[in-house]
Amino acid sequence: MITLGLIFCSAGRELDEPELYRRLHALDPNVEGAPPRRGVGGGEIAGVGRVADLVEAFRKQHYIVAEPREDADGAPTCALKIGPRAFVEFGRKQIVHFIAD
């Protein structure tokens with residue numbers, strides 16, 4: 001739900017993947033400040049698991065949608081948006097209430 005809240009509060013309701021990791025790192029230092037490279041890194045939260053695996057599961061389950069893009073240097077990245085399943089199961093109102101609490 002924190003991931004959805006961060007995306008919802010971003011300009012254009014989308015967030016680049018590296019920026020997501022930076023913001024998650026600001027909330028919890030166990031999360032690395034950059035996305036993993038070749039499956040290594042991303043950080044791990046005790047009792048929850050690897051952050052990169054959780055983000056990937058969110059994608060596969062359609063809670064978030066990833067649109068491929070290139071960053072300013074031309075390196076491939078992706079913009080994350082709230083997916084259709086999140087809107088059906090939670091909706092904007094519940095995301096906003098979660099953020100406010």
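## Salt bridges in the model

The whole structure contains 10 salt bridges, a salt bridge being a side-chain nitrogen of Lys or Arg within 4 Å of a carboxyl oxygen of Asp or Glu. This is a predicted model, in which local features need pLDDT of at least 70, side-chain atom pairs count only at pLDDT 80 or more, and totals for chains, interfaces and linings use all residues. Residues are numbered from 1 along each chain as its sequence is written, and side-chain values use heavy atoms, with hydrogens and water left out.

## Glu17 and Arg59

Glu17 and Arg59 form a salt bridge through their side chains, at 2.8 Å from N to O. This pair links distant parts of the chain, 42 residues apart: Glu17 is in helix α2 (residues 17-27) and Arg59 in helix α3 (residues 51-60). Helices (H or I, at least four residues) and strands (E, at least two) are DSSP runs, numbered from the N terminus.

Glu17 is buried, with 15% relative accessibility. Buried means under 20% relative accessible area, exposed over 50%, and partly exposed in between (1.4 Å probe, protein chains only).

Glu67 makes a salt bridge with Lys81, with 3.3 Å between the closest N and O atoms. The two residues connect distant parts of the chain, Glu67 in strand β4 (residues 64-70) and Lys81 in strand β5 (residues 76-82), 14 residues apart. Glu67 also forms a salt bridge with Arg69, where the closest N and O atoms are 3.4 Å apart.

Glu67 is partly exposed at 29% relative accessible area, Arg69 is partly exposed at 34%, and Lys81 is partly exposed at 26% relative accessibility. Salt bridges link Glu14, Glu67, Arg69 and Lys81 in a network.
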